[in-house]
Amino acid sequence: KAKSQGKNRAVFYSERFDRVLSLQMAMETELRKAIERDEFVLHYQPQVDAASRKLVGVEALIRWQKQPGVMVSPAEFIPLAEETGLIVPIGEWVIRTACRQAKRWMDAGAPEFHMSVNLSPRQFSEANFVEVVSSVLDETGLPPDRLVLEITEGIAIQDVRETVEKLVALKRIGVLVSMDDFGTGYSSLAYLTLYQVDALKIAQTFISGVSADSDRASIVKAILAMASSLRLTVIAEGVETEEQYLFLKNHGCDWIQGYYFHKPLSAEEVSLLFAEAAA
Ligand code: C2E
Ligand code: MG
Ligand code: MG
Ligand code: MG
């Protein structure tokens, strides 16, 4: 009995696996075409200074406009793009588009701000990654210290020496580096100093619990204290309530990003915010 049940189960799983696989292949084809058809767009989520509430930067977040009115979120296609290597051309498009947009805002008179861009491990591991960044900066005219590259602890799983070399090269160009989703990976503390990051972003899971869960509040306080003694800029992400905002501000968090202040916005909407800030 157990044997036949096992067999049935195997058939069931393999059918499901086939279905998943063909869905994945269809999506890969679509993703490939999306690059040629220019179906990607960037939204930009504002980051504000905790004390003054002033706009200090934006994070570029990719969306896939698959059909009119259908926006696919990055969580649904970045993993596949990473697996297939398509993240390399997509990621380059993101860096170029974000830098070009940032330069436009600068030229339009926006007060000082920085542009944060997310990197995926696969993209970062490309041999020419540093050259890509440096040529995009040349081409767009964006000053390097306006660009912040958000890395994750996933990058650290790869060749550590190569990672350090690339980060040093990027810092020599003048680009800033931020550790995204801090606290969700492993060996966080060692990598902070090894990679000489300029900023860290406290993962949303800790922020969402600060008011309800005293353990998570303690973790956030500890991260803020540590970041302050390491002279790192700390950004809290996923801040949704006034209570979370006040807690973070009162414990020395530098910058805030989250729905409480702004959702990710279109480039046009951010232009309006900068125009208001400049006025
Ligand atoms: P992330 O870099 O940690 O970005 C923050 C995510 O949290 C964004 O989701 C943002 O919309 C969302 N968020 C911001 N504030 C709040 C809030 O107050 N509440 C809640 N519930 N969510 C908030 P999004 O845009 O769906 O992006 C998800 C992830 O996809 C990003 O996480 C990042 O890892 C990845 N991603 C986005 N754009 C790119 C890209 O251009 N390249 C790469 N490699 N990854 C990207
Ligand atoms: Mg990010
Ligand atoms: Mg994050
Ligand atoms: Mg500080």
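Visitor: Left-handed or right-handed: in which kind of crossing does α3 pass α5?

Guide: This is a predicted model, in which local features need pLDDT of at least 70, side-chain atom pairs count only at pLDDT 80 or more, and totals for chains, interfaces and linings use all residues. Residues are numbered from 1 along each chain as its sequence is written, chains are lettered from A and ligands numbered from 1 in the order written, and side-chain values use heavy atoms, without hydrogens or water.

The crossing of α3 past α5 is right-handed (the near helix is turned clockwise from the far one by less than a right angle). Helix α3 covers residues 87-107 and helix α5 residues 129-140 (helices are DSSP runs of H or I, at least four residues; strands are E runs of at least two). Their axes come within 9 Å and cross at roughly 30° (lines fitted to C-alpha atoms over the stretch in contact; angles run from 0 to 180 degrees between N-to-C directions). That makes α3 roughly parallel to α5 (under 35 degrees; over 145 is roughly antiparallel, 65 to 115 roughly perpendicular, the rest oblique).

Now the contact itself (heavy atoms within 4.5 Å). From α3 come Glu92, Ile95, Arg96, Cys99, Arg100 and Lys103. They meet Phe129, Val132, Val133, Val136, Leu137, Glu139 and Thr140 of α5. By class, seven of the contact residues are nonpolar, one is polar and five are charged.

Next, the metals. Asn118 is partly exposed at 27% relative accessible area, while Asp180 is buried at 6% (buried is under 20%, exposed over 50%, partly exposed in between; 1.4 Å probe, protein chains only).

Asp180 also bridges to the magnesium ion (ligand 3), which lies 4.0 Å from ligand 2. The protein donors of ligand 3 are Asp180 (OD), Asp181 (OD) and two entries for Glu237 (OE), at 2.0 to 2.7 Å. Distant parts of the chain are linked here too: Asp181 is in strand β6 and Glu237 in strand β8 (residues 233-237), 56 residues apart. Asp181 is partly exposed at 31%; Glu237 is buried at 9%.

Technical notes. Ala, Val, Leu, Ile, Met, Phe, Trp, Tyr, Cys and Pro count as nonpolar, Asp, Glu, Lys and Arg as charged, and the others, Gly among them, as polar. Donors are N, O and S atoms within 2.8 Å of the metal (3.2 Å for Na, K and Ca); water is not among the atoms, so sites may look incomplete.
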